[in-house]
Amino acid sequence: LVNTVVSHLVQAIRVKDSCFSSIEGQLGAGSYYERVKISEPNEFDIMLVMPVERIQLDESDDTGAYYYVSFKRSPKEKGWLRFLEEDGKLSAFKMLQALREIIKQEVKNIKGVEVTVARKKAGSPAITLQIKNPPSEISVDIILTLKAQGSWPLSTQDGLKIEPWLGTKVRKELRWKPLYLVAKQNKREKVLRGNTWRLSFSHIEKDMIKNHGHSKTCCESNGPKCCRKGCLKLLKYLLEQLKMKYPKELEKFCSYHVKTAFLHSCVTWPNDSEWHLGDLDHCFQQCLTFFVDCLQKSQLTHFFIPQYNLLSLEDKARHHFLSRKISYELNNGFPVFHE
């Protein structure tokens, strides 16, 4: 159902606006595509990828994650010019607006399925589609993504420390992959103009989660099985359940926090023998203990951008709240799983 809707939209977007003619169909991101979705498959993230050439990136703050994008030379496709600010920066806001308009018109032409575009959520880079699928509803986040060839920004140089786990060669290969930037408002910008882009590594994360073994045969049909994916599923599920229970206190936490803690855990315990399938409960608790430690210190380093702390210091009270709730679950046999 999702694929039908998305491929219809991609074809229409390409035709309707010459700027978007090079848009590449969906690059699935998120838990469903990493095969770590737990509950119903009712939420999907789809990246609509636009190749861009010869761009210049300028940091928009000290996180090393948010950038202004400008073209080094005037783009061949002149339609791009309407998305540029006076200072030549590419406006994520203007591009999203144009894309949203096309999608809003086009969903009316999709036969045999009822699709609506949800209202804009403040600060969210996604265009959210609601697909009626009785008795329930599927939501699809469409994320506008730029794809650039060339070397990754300096801020990523000391990140992706996977040598002990996946090896130096794999790290090199991954760093040769294209760079993705998603249209995302940077809250720290002095003047909120909506023209910042955030680095995205979801394609690399998906790669690592799929090929997660220290040895190449881990989890292959005749190879030894490990519990890494099981751990990640449980971490995400636990956070989901706690967020449902304490929506207000935990609104700032998302699955990316536990995913990052999980990736750090894979480096801390690099060997497959430390993730035996039968040791799921032990490994899960080990990952959780690591995450609780991060929460108590209010320090969770972005896996690819070491200078970027995903837990901002002004939210200390919230971090401590979550760490208390998780510790309670850990010490009492996870009552939230049985509720």
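**Terms and the values behind them**

The model is predicted.

Q: Which values describe the packing of helix H7 and helix H8?
A: Helix H7 covers residues 255-268, and helix H8 covers residues 280-297. Their axes are 9 Å apart, at an angle of about 115 degrees.

Q: Why is H7 called roughly perpendicular to H8?
A: Angles of 65 to 115 degrees count as roughly perpendicular. The angle here is about 115 degrees, so H7 is roughly perpendicular to H8.

Q: Which residues make the contact?
A: H7 gives His257, Val258, Ala261, Phe262, His264 and Ser265. H8 gives Cys287, Phe290 and Phe291. By class, the contact of H7 with H8 has 6 nonpolar, 3 polar and no charged residues.

Q: How do you know that strand E3 and strand E4 pair?
A: Pairing takes at least two bridges. E3 (residues 55-59) and E4 (residues 66-71) are joined by 5 bridges, so they count as paired. The two strands run antiparallel. One of the partners is known by name: aspartate 58 bridges to tyrosine 68 in E4.

Q: What lies between the strands of this hairpin?
A: There are 6 residues between E3 and E4. In this hairpin, glycine 64 takes a positive phi near 80 degrees.

Methods. Residues numbered from 1 in each chain as written. Predicted model: local features only at pLDDT ≥ 70, side-chain atom pairs only at ≥ 80, totals over all residues. Heavy atoms only, no water. Helix = DSSP H or I, 4+ residues; strand = E, 2+ residues; numbered from the N terminus. Axes fitted to C-alpha atoms, helices over the stretch in contact; angles between N-to-C directions. Parallel < 35°, antiparallel > 145°, perpendicular 65-115°, else oblique. Contact = heavy atoms within 4.5 Å. Nonpolar A, V, L, I, M, F, W, Y, C, P; charged D, E, K, R; others polar.
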